[in-house]
Amino acid sequence: MHTSGLQALADQWLEANARRFSVFGVRGGTSWKAGVSAPMVLASAQKVLVLRALTQVLVQDPGFLDGGLQVRDLNRFYREGTDAGAHERSLLADGLGIESSDAWVPVSRLALYMMRYSSNAATDALATLLKSHWHSKNVEASPNGAQLELPPLIIDQLPSTSAGQASRWYRASTRSLVDALVEMETMRSASAPFDPFAYLPRLRGFREPAVRGKKGRVPGHRAGAVIVQPSRGATLFAAYAYTTPIGHPPLEEAIEEALIGRVVSGGGAGAGGAIGA
């Protein structure tokens with residue numbers, strides 16, 4: 001099918017399935033939404049929440065960036081065949097392999113493995129290091145203070161059998177992803193020289209390098225978080241999630257492209273009319 005035909009099908013699907021997708025965005029002081037506000041499966045977009053936690057810790061303790069772990073410890077978070085080769089590819093980028101047991105992987109590389117290569121093992125390893133560090137620094141000093149919000153470890157979300165595959169995936173609102181992006185924006189100057197947005201991959205299909213984000217998918221679901229940093233004007237923070245149509249991968253892709261196109265444009269027309277504040 002021609003691209004224009006798929007785009008038309010995607011638009012029709014969005015119009016007819018307002019309860020199967022969620023979009024939320026903020027630009028300046030204005031927010032907008034489309035679809036449902038209920039928690040959705042975030043897939044690998046949940047890694048944005050771990051990136052937010054890393055930024056939060058680095059504001060408090062810049063020295064955390066000097067930490068890390070050995071490959072043998074990273075491998076403990078890896079379940080073979082569950083990440084489309086992301087674990088191996090991320091290590092290979094540094095000239096390493098699963099067998100490089102004694103090699104050291106610093107926190108900054110774990111963050112890169114997580115966001116650029118979408119390594120589940122790196123995500124869980126980083127989240128575990130963050131939780132341990134935060135607990136040691138904050139529990140006794142400020143028991144009622146700020147909390148470090150992290151999703152469950154991905155390895156714990158993976159189904160042990162094919163039965164009930166969707167029920168274990170972490171669910172949250174698209175607004176929670178946008179809140180995480182906005183919070184990182186407010187912390188960027190305090191976390192310098194670490195810039196969390198530099199770890200967000202550039203999204204393909206856009207000429208502007210200012211369009212970055214994190215996409216994810218698991219069977220039956222897709223989601224993503226997007227930022228647009230124009231040379232002039234306010235930064236756009238947005239997120240989307242949807243349950244995918246069954247048995248039509250090209251339409252899945254077209255729907256995602258349509259949703260990203262809408263959030264990058266700052267709203268546009270959603271199912272049932274314009275996206276309101």
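Predicted model: local features only at pLDDT ≥ 70, side-chain atom pairs only at ≥ 80, totals over all residues.
Me: What makes up the chain in terms of helices and strands, and how many of its residues are buried?
Reply: The chain holds nine helices and eleven strands. Of its 277 residues, 49% are buried. Among contacts with a separation of 6 or more, 66% are between residues 24 or more positions apart.

Me: Why is Q56 called buried?
Reply: Buried means under 20% relative accessible area. Q56 has a relative accessibility of 15%, and therefore it counts as buried.

Me: Where is Q56 placed, and which residues does Q56 touch?
Reply: Q56 belongs to helix α2. Leaving aside residues up to four places away in sequence, Q56 touches W134, A146, Q147, L148 and M187.

Me: Why is α2 called roughly antiparallel to α5?
Reply: Helix α2 (residues 47-60) packs against helix α5 (residues 107-116) at an angle of about 160°, and their axes are 10 Å apart. Angles over 145 degrees count as roughly antiparallel, so α2 is roughly antiparallel to α5. The crossing in which α2 passes α5 is left-handed.

Me: Which residues make the contact of α2 with α5, and how do they divide by class?
Reply: From α2 come K47, V48, V50, L51 and L54, and from α5 come V107, A111, M114 and M115. By class, eight of the contact residues are nonpolar, none is polar and one is charged. Lys counts as charged, and K47 is one of the residues on the α2 side.

Me: What is the geometry of α2 with α6?
Reply: The axes of α2 and helix α6 (residues 120-138) come within 10 Å and cross at roughly 35°. This crossing of α2 and α6 is left-handed.

Me: Which residues of α2 and α6 meet, and what classes are present in the contact?
Reply: On the α2 side are K47, V50, A53, L54, Q56, V57 and Q60, which meet N120, T123, L126, A127, L130, H133, W134, K137 and N138 of α6. The contact of α2 with α6 includes eight nonpolar, six polar and two charged residues.

Me: How do you know that β1 pairs with β2 and with β9?
Reply: Two strands pair if at least two bridges are found between them. Strand β1 (residues 21-27) is joined to strand β2 (residues 30-35) by six bridges, and to strand β9 (residues 236-243) by seven. R27 stands opposite T30 in β2, while S22 stands opposite A241 in β9.

Me: What lies between β1 and β2 in their hairpin?
Reply: Two residues lie between the strands of this hairpin, where G28 takes a positive phi near 65°.

Me: What makes β2 and β7 the edge strands of the open sheet?
Reply: The open sheet has five strands in the order β2-β1-β9-β8-β7, with antiparallel pairing. β2 and β7 (211-218) each pair on one side only, and they are the edge strands. From one strand to the next, the twist averages 5°.

Me: Which strands do α8 and α9 meet, and how do these helices run relative to β9?
Reply: Helix α8 (residues 174-191) lies across β1, β8 (221-228) and β9, at about 155° to β9. Helix α9 (residues 249-264) packs on the sheet and touches β1, β2, β7, β8 and β9. The direction of α9 makes about 155° with that of β9.

Terms used:
Residues numbered from 1 in each chain as written. Heavy atoms only, no water. Helix = DSSP H or I, 4+ residues; strand = E, 2+ residues; numbered from the N terminus. Axes fitted to C-alpha atoms, helices over the stretch in contact; angles between N-to-C directions. Parallel < 35°, antiparallel > 145°, perpendicular 65-115°, else oblique. Left-handed = near helix turned anticlockwise from the far one by under 90°. Contact = heavy atoms within 4.5 Å. Buried < 20%, exposed > 50% of the residue type's maximum accessible area, 1.4 Å probe, protein only.
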